[in-house]
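Here are a few exercises to work through with the sequence and the model side by side. Try each task before reading its solution.

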Amino acid sequence: MAAVLALKGLGHAYLGRTVLDAVDLTLAAGEVVALVGPSGCGKSTLAHIAAGVVEPLRGRVERGYRRHGMVFQEPRLLPWATARDNIAYPLRLQGLPRGERRVRAEAAAARAALEPADLGKYPVELSGGMRQRVAIARALAIEPDFVYFDEPFTALDVALKRRMQDLVIGAARALRFAALFITHDLMEAARVAHRIAVVDAHGRGIAGERAVEGTPGERGDGDLYRLVATFLTDDPLFRHIHDIDERRAS
Amino acid sequence: MTAAVAERLGRLGRFLWSGWAGLAGLALFAAVWQAGHERFGAFILPAPLATLAAGRTIAGDPASWALAATTTLRALEGFALAGLAGTLGGIAAGYSPATMRLARPILTVLLGVPPIAWIVLAMIWFGSTNGTIITSIVVASTPVVFVGVAEGALTRDRGLDDMARAFGAGPLARLTTLGLRHIAAFLFPALTVALGSAFKVAVMAELLANTGGIGGALAMARANLDVAEALAWVLIAVGGLILVEYALVHPVRAEFERWREAARPWGVKR
């Protein structure tokens with residue numbers, strides 16, 4: 001299968017401090033890859049580079065997909081626009097006429113389980129979970145064949161997190177998009193992804209990869225818990241995953 | 001559609017209803033004025049009603065309407081120039097730190113010079129013409145707008161900028177869809193202040209430069225020691241300012257600030 005995203009020898013530094021170096025990663029069409037690693041290892045920076053938000057210092061990004069959407073850790077909604085206009089914002093950037101924007105924004109909202117009554121509200125009137133739903137709908141509105149998720153559910157509580165993960169799993173299957181899902185929650189990675197890639201604790205490349213058996217959404221909870229427990233206790237690849245240095249965390 | 005119209009009417013109704021509080025404040029002011037009149041007599045401080053009567057006489061004369069129109073036009077011309085220059089400069093400074101560093105000391109100097117000094121200079125440069133009035137207004141009002149807009153551009157949400165970039169927005173699209181919208185929240189308060197100072201400076205410059213308008217009429221009233229007429233002209237100038245502010249600036253601002261209204265809990269709306 002052709003690669004839809006290939007990162008080749010990526011490296012980046014902030015103010016002379018190297019945060020990423022020699023990162024190689026390839027994603028196939030329709031494949032969801034979870035990128036895990038300890039806080040501050042540069043995985044968010046990696047997603048920002050791949051999505052074109054940040055210019056890499058070294059290496060290159062080859063994008064084989066048509067267009068991508070992105071969901072950030074914070075919802076990043078325009079405070080002055082209603083939920084509907086927020087979802088339609090990328091469509092406005094594409095220059096679509098108002099009527100079509102509205103239709104497509106409402107379709108995307110339905111996919112993210114937003115009710116029509118919520119669409120006229122401003123972000124301040126929505127709860128944290130609802131705002132993140134709007135952010136997901138915004139990423140889906142452009143009908144992407146690739147989506148970047150940058151720790152999207154870190155700020156949500158456990159039950160809400162599960163619901164959002166199911167939303168992403170369902171959308172990925174229905175729309176057949178590939179995705180790079182950044183997270184530091186191994187359970188989350190095992191639920192949503194086909195494959196888990198671990199970033200080296202100091203950002204020196206990808207330390208290793210593990211494929212997850214089965215299809216996202218069809219795996220039993222018991223199997224997933226056992227898998228994650230095995231990863232954490234027996235697999236040296238995941239040894240540093242919960243190391244944290246608050247000073248470097250970003 | 002009907003819901004949108006109903007919502008708009010509702011907002012208009014709330015806005016008009018809030019006028020009662022404004023009227024109460026004005027009534028209190030008139031009461032203090034009346035007390036001053038009774039204490040100091042009609043020559044020093046004419047009664048509010050006498051001033052209103054003088055105002056009515058002035059308003060009945062087409063010639064005074066022409067005077068008021070002259071002043072309003074000059075104030076608005078100066079205000080438009082100041083608004084344009086301040087907005088463009090503010091955006092440039094907000095987006096470019098180097099421009100900001102260069103502009104800061106210049107602003108300090110401009111703000112430090114009293115408006116009256118500018119009027120004198122403008123009189124020397126332009127004589128008794130429109131140019132004097134408009135120059136004075138531009139110099140007095142531009143820094144206010146500039147500082148407000150630069151503040152807005154500096155405090156823009158970079159997270160939103162990154163989000164837009166992730167969805168493929170170029171610099172121009174980011175400026176028009178995010179930057180300007182954020183700056184508008186800072187621009188309107190600054191424009192309100194600038195408009196107020198435009199009217200005040202216009203009247204002051206007209207009085208000093210003897211170029212007609214409301215300022216010229218005030219100079220005349222002073223020469224005749226007609227305190228009631230002077231006060232009536234002041235009333236007219238303030239009335240004009242209030243009219244422009246509530247008919248123009250507030251409705252536009254309300255349109256931009258609807259989302260803030262949504263954030264306010266019930267019962268504490270303005």
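**Exercise 1. Chain B as a whole**

How many helices and how many strands make up the secondary structure of chain B?

*Solution.* Keep in mind that you are looking at a predicted model. Start by counting elements: chain B has twelve helices and zero strands. Reading along the sequence then gives the pattern α-α-α-α-α-α-α-α-α-α-α-α. Next, look at the overall dimensions: the C-alpha trace of chain B spans about 70 × 50 × 35 Å along its principal axes. Of its 270 residues, 39% count as buried. Finally, consider contacts between residues at least 6 apart in the sequence of chain B: 74% of them join residues at least 24 apart.

**Exercise 2. Two helices in chain B**

Work out how α5(B) and α7(B) pack, and which residues meet between them.

*Solution.* First, find the two helices: α5(B) covers residues 97-112 and α7(B) covers residues 130-154. Angles over 145 degrees count as roughly antiparallel, so that is how α5(B) runs relative to α7(B). The crossing of α5(B) past α7(B) is left-handed.

Now turn to the side chains. From α5(B) come M100(B), A103(B), L107(B), L110(B) and L111(B). They meet P143(B), F146(B), V147(B), A150(B) and L154(B) of α7(B). Sorted by type, the contact has ten nonpolar residues, no polar ones and no charged ones.

**Exercise 3. A residue in α9(B)**

Is T192(B) buried or exposed, and which residues does it touch?

*Solution.* Begin with its location: T192(B) sits in helix α9 of chain B, residues 171-209. Its relative accessible area is 16%. The cut-off for buried is under 20%, so T192(B) is buried. Leaving aside residues up to four places away in sequence, T192(B) touches E245(B), V249(B) and R253(B).

**Exercise 4. The sheet of chain A**

Trace the strand order of the open sheet in chain A and find the strands at its edges.

*Solution.* Six strands form this sheet, in the order β5-β6-β7-β3-β8-β9, and their pairing is mixed. At the edges stand β5 (68-71) and β9 (206-211) of chain A. Each has a single partner strand, so one side of each lacks a neighbour in the sheet. From one strand to the next, the twist averages 15 degrees.

Helix α5 of chain A (residues 128-141) lies across β5 and β6 of chain A, running at about 170 degrees to β5(A).

**Exercise 5. Strand β7(A) and its partners**

Which strands are joined to β7(A) by bridges, and which way do its residues point?

*Solution.* Take one partner at a time. β6(A) (residues 146-150) is joined to β7(A) (residues 178-182) by five bridges, and the two strands run parallel. Within this pair, F149(A) has F181(A) as its bridge partner. β3(A) is joined to β7(A) by four bridges, again in a parallel arrangement. Here L35(A) has I182(A) as its bridge partner in β7(A).

Last, check the two faces. A178(A), L180(A) and I182(A) point one way, while A179(A) and F181(A) point the other way. Five of the five residues of β7(A) are buried, so the strand is largely enclosed by the rest of the structure.

How values were computed
Residues are numbered from 1 along each chain as its sequence is written. Chains are lettered from A and ligands numbered from 1 in the order in which they are written. This is a predicted model: local features need pLDDT of at least 70, side-chain atom pairs count only at pLDDT 80 or more; totals for chains, interfaces and linings use all residues. Side-chain values use heavy atoms; hydrogens and water are left out. Axes are lines fitted to C-alpha atoms, for helices over the stretch in contact, and angles run from 0 to 180 degrees between N-to-C directions. Angles under 35 degrees count as roughly parallel, over 145 as roughly antiparallel, 65 to 115 as roughly perpendicular and the rest as oblique. A crossing is left-handed if the near helix is turned anticlockwise from the far one by less than a right angle, and right-handed if clockwise. Contact means heavy atoms within 4.5 Å. Ala, Val, Leu, Ile, Met, Phe, Trp, Tyr, Cys and Pro count as nonpolar, Asp, Glu, Lys and Arg as charged, and the others, Gly among them, as polar. Two strands pair if DSSP finds at least two bridges between them. Buried means under 20% relative accessible area, exposed over 50%, partly exposed in between (1.4 Å probe, protein chains only).
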